[in-house]
Number of protein chains: 2
Amino acid sequence: MSTGHRTSESGHPRHRLDPVIHSPVRLSIVACLAAAERAEFGFVRDIVEVSDSVLSKQVSNLEEAGYVKVKKGYVGKYPRTWLSLTVAGRRAFDTHLVALAAVVGAMHTPDVALPADNASLVEGP
Amino acid sequence: MSTGHRTSESGHPRHRLDPVIHSPVRLSIVACLAAAERAEFGFVRDIVEVSDSVLSKQVSNLEEAGYVKVKKGYVGKYPRTWLSLTVAGRRAFDTHLVALAAVVGAMHTPDVALPADNASLVEGP
């Protein structure tokens with residue numbers, strides 16, 4: 001999975017979608033974490049509706065990408081695992097959302113030059 | 001990959017993301033077709049920036065899902081292949097966009113009941 005094109009500003013906006021973030025479960029985790037400074041593992045698991053093992057695995061992927069930070073601690077005598085987005089993770093999420101909006105709206109404000117026989121290539125509704 | 005949960009209205013909105021549409025290339029194709037009544041194969045290929053074979057394969061997937069219709073014809077003496085979204089395809093795209101917006105904004109307007117020690121589970125920025 002190439003990620004080298006992610007910083008490109010040219011071409012179709014799908015090139016700027018982040019494959020690490022795009023997966024539905026990871027997108028849900030990142031969106032959940034984006035709304036808070038940090039959140040407890042079990043809280044994220046319950047919001048996103050995944051098992052402990054799925055969340056662990058996806059958090060590991062996000063950690064490897066440098067997008068999520070994991071911190072273990074205690075609340076009283078109970079162990080807690082805290083998850084938070086890194087600065088890079090917040091930036092990547094923002095970039096992904098901009099790209100996503102552009103993909104979805106790409107044809108609504110096209111800046112492409114249609115060829116001479118454009119009427120035969122694309123027809124408006 | 002189970003798709004049986006896609007019509008569910010309850011639970012986390014990621015369950016309502018359509019795996020057929022979510023892939024970056026297919027999302028780009030569907031978004032492109034959503035803006036027109038129909039579009040020529042080569043036009044979509046150039047907009048989405050994929051090869052003929054990638055577009056063929058992904059269009060086949062979308063056709064199998066009942067989301068895209070393929071029609072062959074001529075402009076003058078030149079053969080043309082037209083692509084268009086079916087009614088089901090437009091509906092699926094709309095549903096997907098609503099789900100996507102909900103996933104991304106899910107935590108901004110949470111309707112979840114936080115437990116008593118909520119302050120220890122999630123912290124706002």
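**View 1. The pairing of strands β2 and β3 in chain A of this predicted model.** Strand β2(A) (residues 68-75) and strand β3(A) (residues 78-85) run antiparallel and are joined over eight bridges. Strands are DSSP runs of E with at least two residues, helices are runs of H or I with at least four residues, and both are numbered from the N terminus. Two strands count as paired if DSSP finds at least two bridges between them. Val68(A) lies opposite Leu85(A) of β3(A). Two residues separate the strands of this hairpin, in which Gly76(A) adopts a positive phi near 65°.

**View 2. Helix α4 of chain B and its buried residues.** At 1.5 Å a residue, the 13 residues of α4(B) (residues 52-64) should span 18 Å, and the end C-alpha atoms are 18 Å apart, which agrees. The expected span is 1.5 Å times one less than the number of residues. Leu55(B), Gln58(B), Val59(B) and Leu62(B) are buried (under 20% relative accessible area, with a 1.4 Å probe and protein chains only). Seen down the helix axis, the buried residues of α4(B) fall within an arc of 105°, so they line one face. The arc is taken from the directions between the helix axis and the C-beta atoms.

**View 3. The other side of α4(B) and what follows the helix.** Ser53(B), Lys57(B) and Glu64(B) are exposed (over 50%) on this side. After α4(B) comes Gly66(B), with a positive phi near 80°.

**Notes.** Residues are numbered from 1 along each chain as its sequence is written, and chains are lettered from A in the order in which they are written. In this predicted model, local features need pLDDT of at least 70, and side-chain values use heavy atoms, without hydrogens and water.
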